[in-house]
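Work through the exercises below with the structure in view. Each task is followed by its solution.

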Amino acid sequence: MNLAHLLARTARVCPERPAVALGEGESVSYGELFRRAAATAGCLRSALGLRTGDRVALFMANRPRYLELLYGIWHAGLVAVPINNKLHAREVAFILENSAASLLFVAGDPNDDWRLWCASAAGLRIISVDDPESLRLTSGEPIAVVPRAPEDLAWLFYTSGTTGQPKGVMLSQRNLLAMTLAYFPDVDQATPADSIVYAAPMSHGAGMYNFAHVLVGARHVVPASGGFDPHEILSLARRFGQVSLFAAPTMVRRLVDHVADHGADCSGIKTIVYGGGPMYIEDIRRALDVLGDRLVQIYGQGESPMTITALARRHLADRAHPRYRERIASVGVAHSVVEVVVADADDQALPAEEIGEVLVRGDTVMAGYWRNPEATAATLRNDWLHTGDLGSLDADGFLTLRDRSKDVIISGGANIYPREVEEVLLRHAAVAEVSVVGRPSAEWGEEVVAFVVWRPGLCAPIAELDRLCLGSIARFKRPRDYIPVAALPKNNYGKVLKTALRRHWTQPGEN
Ligand code: AMP
């Protein structure tokens with residue numbers, strides 16, 4: 001089993017089909033993409049002397065050659081280490097050293113920054129894909145796909161590290177194949193007429209959705225801007241039709257605002273898969289109103305990539321369902337390739353509606369953390385992946401996430417789930433964004449504090465926010481303090497860094 005066979009198969013069946021394009025530019029065909037991957041593989045092994053299992057890192061923004069390099073790496077029996085290109089040089093240096101990568105693909109001109117980090121990673125070679133010399137990679141002698149076992153490592157995925165150093169999640173060939181096969185029943189029926197647009201980093205979940213689309217011979221489009229621009233996404237959708245994309249909740253919001261403000265046509269969009277972080281009910285409702293029934297939600301984490309639960313299009317569309325509100329607030333039902341339970345501290349499954357830790361097992365669950373047996377043992381216990389997420393299942397199997405276990409606020413002995421409070425505050429017209437965290441309190445252990453970003457030109461009196469909370473949630477859950485901020489601290493994937501917010505009182509002056 002080698003993921004490179006997915007491309008080999010499609011290239012054999014339909015070599016002429018367009019495979020990869022930059023924006024509306026000309027496409028490279030599947031036949032050519034495969035030829036380039038096979039030639040790159042030959043070069044990696046012979047000219048560069050890499051051996052089966054060696055790690056090859058990619059540190060670059062989305063670009064059409066991303067796929068050619070990934071498939072070249074797998075074709076050669078190597079392990080890909082895609083790195084988010086927005087990471088700080090220090091974080092990149094850590095990943096290069098931790099993964100002991102032998103080769104790094106970068107974009108742009110080598111500059112001093114690179115030399116600096118690379119000095120710390122012994123024996124690392126660097127190739128800039130913008131250097132015309134790098135094209136020699138694809139002119140070498142193609143080789144046959146190097147066989148790999150299902151449990152062999154394919155992708156070393158570094159967690160976003162909202163706390164501490166990132167950890168290298170070991171994703172095997174089988175993990176990624178299981179994830180790919182689950183896409184079809186649980187997320188969307190990808191077809192050869194589809195185009196996947198990479199609006200989010202290919203080093204992360206968006207890039208992992210390449211497999212399902214390679215499998216069916218769909219088109220892969222990298223936006224010319226290299227990022228997420230709602231106007232560009234919509235014009236690509238008009239140009240290609242049947243466009244699918246993975247988007248973080250903040251991106252969905254921007255797209256919705258753009259469509260609403262400009263009355264833009266979004267009929268070329270087939271599916272927007274959202275996930276990676278919570279999306280609030282009011283935002284989901286608005287997205288469905290503005291974009292129509294084009295949304296699917298997934299819940300996953302690097303440790304079970306893109307594949308824990310999914311909230312299908314039909315569930316998001318079923319507005320007449322008696323539990324519709326609960327359902328759209330949930331992350332849906334277990335993907336077909338995994339088992340999901342909500343368990344107590346002893347890993348015993350809890351009855352419906354009780355809150356506990358979300359545990360997962362199945363073929364998508366990682367083999368462990370790279371060279372980190374302690375973290376592996378703490379996360380993979382009793383046969384289950386311990387996600388660190390708290391949630392509850394309803395009687396129909398829909399999972400509702402409460403919070404990360406470390407974000408729960410314990411005040412006067414009672415558990416308060418910040419998300420519940422955030423959902424309420426977001427209903428206020430003056431609140432653009434909010435994040436609720438616990439502040440140490442001599443009296444209560446912790447007390448609830450809300451960091452609020454006001455909408456431009458607006459601001460609400462505290463008494464009004466208090467009234468809103470008292471009208472919907474228990475008195476003890478309402479914030480004791482509101483701290484206005486210009487923006488919430490977020491990591492490169494748009495996730496709010498609650499640890500950074502808590503520093504407001506542990507290290508005042510840093511925020
Ligand atoms: P990462 O491994 O960086 O992708 O982060 C995974 C974490 O993001 C999960 O453990 C959840 O806490 C959160 N997450 C992912 N998908 C969702 C979702 N659909 N709704 C809420 N939180 C999510």
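Predicted model: local features only at pLDDT ≥ 70, side-chain atom pairs only at ≥ 80, totals over all residues.

**Exercise 1.** Find which residues are closest to the ligand.

Solution. Local features here need pLDDT of at least 70, side-chain atom pairs count only at pLDDT 80 or more, and totals for chains, interfaces and linings use all residues. Residues are numbered from 1 along each chain as its sequence is written, and side-chain values use heavy atoms, without hydrogens and water.

**Exercise 2.** Locate polar contacts of the ligand (N or O atoms paired within 3.5 Å).

Solution. Start with Ile298: a polar backbone atom lies 2.8 Å from a ligand nitrogen. Next, an N or O atom in the Gln297 side chain is 2.9 Å from a nitrogen of the ligand. Then turn to Gly277, where a polar backbone atom is 3.4 Å from a ligand nitrogen.

**Exercise 3.** Determine which strand gives the most to the shell around the ligand.

Solution. Strands are DSSP runs of E, at least two residues, numbered from the N terminus. Two elements give two or more residues: strand 13 (295–301) and strand 21 (399–404). Strand 13 gives the most, with five residues.

**Exercise 4.** Find where the charged ends of Arg419 and Arg439 sit.

Solution. The test is CZ of Arg, or NZ of Lys, within 6 Å of the ring centre and within 35 degrees of the ring normal. Arg419 sits over Tyr280, 5.8 Å from the ring centre. Arg439 sits over Trp505, at 5.6 Å.

Notes
Near = heavy atom within 4 Å. Polar contact = N/O pair within 3.5 Å; in protein donor to acceptor, adjacent residues only side chain to side chain. Helix = DSSP H or I, 4+ residues; strand = E, 2+ residues; numbered from the N terminus.
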